[in-house]
Amino acid sequence: MKAKDLMIPLQEYLRPDNTLKEATNLLRTAQRGEEKIGVKALPVLDDSDKLVGILSIGDILKAVYPSYMYLMDLGAFTWDGMVEAFTRKAADKKVEEFMTRKVITVKEDSTLMDCIDQMLKNNIKRVPVLDKENKLVGMLYERDVFYTITKIMLEENSANFQGESLKFNEKDRGKK
Amino acid sequence: MTQEVVAASQVVTGSSFWTATAIFVLVYALIVFEKIHKTILAIFGAALMIVLGIVTQEDAFNSRDLGIDWNVIFLLISMMIIINIMKPTGVFEYIAIKSAKAAKGKPFMIMAIFSVVTAVASALLDNVTTILLIAPVTMLICQALEIDVVPFLITEALASNIGGTATLIGDPPNIMIASKAQLGFMAFIYNLTPVIIVVLIAYVITIKFIFAKKLHVRDELRQRVMAMNENDAIKDPVLLKKSLAVLAITITGFVLHGMLHFEPATIALFGAGLLLLLSGEKKPHYILAQVEWTTLFFFMGLFIIIGGIVKVGLVKLMAVKVLEITQGNLFGTTMIVLWFSALASAFIDNIPYVATMNPVIIDMAKQLWPDVSGIHLLHHPDLMPLWWSLALGAGLGGNGTAIGASANVIVMGMAEKTGNPISFKKFMLYGMPLMIESVAICTAYVWLRYYVLKI
């Protein structure tokens, strides 16, 4: 199994000069796979369609979170309405300001173990897949890797289950 | 003195003199350009000094005059360990929130109280540590009050440099001076703390004139601050009690270290060791990793580089030149040291500056009193005002510009990150006059205390 066999081909993406307002809307409506709506991250491509970053829900949270709060334990001293105020200020800021620039990627021919290696070592749940020309062709999600593992486990035991569970799983994969 | 000048100029002929001078000048120049990290420059420069045979490895690692001053390194390490253990207890958040409430959420009162708290904390802790502890709370409170945080950040950075100058442990230059000149904790308290208190009072009055009228907030926003409960800050009351007890023991130890015949670093190391033990920490890795090794390696590298230029006689040459300019007039020399240190520290890092000036002052003393040596030379009554002027100039001078002190650099960085960048010019507009005011007060103090009253 290779990265390209499991990835979801590239559909939606952002440009660096999109606003966070546009970005959140796309995160909300973008499709992952055939049926699932809403994604937790979107790749950011520049004008020449080169992958320059990735914007995740976490990055959106960071956009409304004052960086000084990382330095001390101040959560107990925040007030109601603080997030609302910061969100209003962040809405028109640009994606490039908050996207993660150092993107961990895999090649379309990377083995599945290589993909898991990158996910675990970098603590990421999705990884952009690049073709030979370093063009973004899709996204590989942790959940899809998990489904593959599930499938293998159930196949090993299929002598008992007679493939019944396997069918259930394939059906499940598309929907959930 | 003419003989000494000849002796000094004779050193110039050696090739090792030029090698060491070149390394020193190059490293310092590159530090100013900031293209390569200063710690990398210091480590590489130090390695060059040894590889090129200017100083031996033995000198570099083990000589107090030519090598790494472990007294400074261990004092810094130990204080960093104590703070790293204390930080998660929430005590610093507690103090800051309590201060803001004591000010009743009134903006200028917050500014004044935060400045004083910052100054006092800086006198006991490293300035950078203090700023990293007070600035985040300041930003939160300014956001709650919906006022511009920039004046608060600038006044705190300035206050931290003022407070840091007050004690032996307040600021790395003072630690270096204390170690080189073998001056105790109480000597700093007697000689520097009184004038710093005056400087701080004058400072608060001055910022009142500058900022008080401009700062206004609506009452309902003040309620946001008054609604904060400082007790929520305390995360680990048991560790807090242990930490405060150890801090009290450590500070008492500093006060008594002369009587106990311990170096300050011994006291600090004891405090750090005791708190590590009492904290019940199973794995000290995290606490030790949090020690600012980058800063410490910068110090180590610098000490070796300075050792090199001491050994080849460059420092002696500098000392002779300074005395030539002042014609051996001690009051004149003191004033030059005070003001030159202030101006130099406004533009360059005061740590390498003081690292260079320490041996220069010792060499000046050797020129002036060739028959005296050891502690009698270091503590020659006529030399003392020079040490204090160096400490005051280097400590307060940092306030002159945004790059003058690490605390300033940190608030600039924080302000930029939160979308309120402070320009170099804006910082200087406040910093430079306030720095000149403080050094002027010190001028009067040094003159009055050491040359008129002679106490």
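Modeller: A residue is buried if 20 or more other C-beta atoms, placed from the backbone, lie within 10 Å of its own, exposed if 12 or fewer, and partly exposed in between. This is a predicted model: local features need pLDDT of at least 70 and side-chain atom pairs pLDDT 80 or more, while totals for chains, interfaces and linings use all residues. Residues count from 1 along each chain as written, chains are lettered from A and ligands numbered from 1 in written order.

Biologist: What share of chain A is buried?

Modeller: Chain A has 176 residues. It holds nine helices and eight strands (DSSP runs numbered from the N terminus: H or I, at least four residues, for helices; E, at least two, for strands). Its buried share is 19%.

Biologist: In chain A, what percentage of contacts with a separation of 6 or more joins residues 24 or more positions apart?

Modeller: Two residues are in contact if their C-beta atoms, placed from the backbone, lie within 7 Å. Take the chain A contacts with a separation of 6 or more. Residues 24 or more positions apart account for 59%.

Biologist: Which residue in the turn between β4(A) and β5(A) has a positive phi?

Modeller: β4 (41–45) and β5 (51–56) of chain A pair in the antiparallel sense over five bridges. Pro43(A) stands opposite Ile54(A). The two strands form a hairpin with five residues between them, and the turn residue with a phi of about 60 degrees is Asp49(A).

Biologist: How many residues does chain B give to the contact with chain A?

Modeller: Chain A gives eleven residues. By class, that side has nine nonpolar, one polar and one charged (nonpolar: Ala, Val, Leu, Ile, Met, Phe, Trp, Tyr, Cys, Pro; charged: Asp, Glu, Lys, Arg; polar: the others, Gly among them). Chain B gives 20 residues.

Biologist: How many residues of α10(B) are buried?

Modeller: Helix α10 of chain B spans residues 172–181 and is mostly covered. Its cover includes α5, α11, α15, α20, α21 and α22 of chain B. Just after the helix, Gln182(B) takes a positive phi of about 50 degrees. The buried residues include Lys180(B), and their count is ten of ten.

Biologist: At what angle do α5(B) and α17(B) pack?

Modeller: Axes are lines fitted to C-alpha atoms, for helices over the stretch in contact, with angles from 0 to 180 degrees between N-to-C directions. Val72(B), Ile73(B), Leu76(B) and Ile77(B) meet Leu296(B), Phe299(B) and Met300(B), a contact of seven nonpolar, no polar and no charged residues. α5(B) and α17(B) are therefore roughly antiparallel (over 145 degrees; under 35 is roughly parallel, 65 to 115 roughly perpendicular, the rest oblique). The axes are 10 Å apart and the angle is about 175 degrees.

Biologist: How many nonpolar residues are in the contact of α22(B) with α24(B)?

Modeller: The axes of α22 (384–397) and α24 (424–452) of chain B come within 10 Å and cross at roughly 170 degrees. That makes α22(B) roughly antiparallel to α24(B). Among the contact residues are Trp388(B) of α22(B) and Tyr450(B) of α24(B). The contact has four polar and no charged residues, and its nonpolar count is nine.

Key
Pairing = 2+ DSSP bridges.
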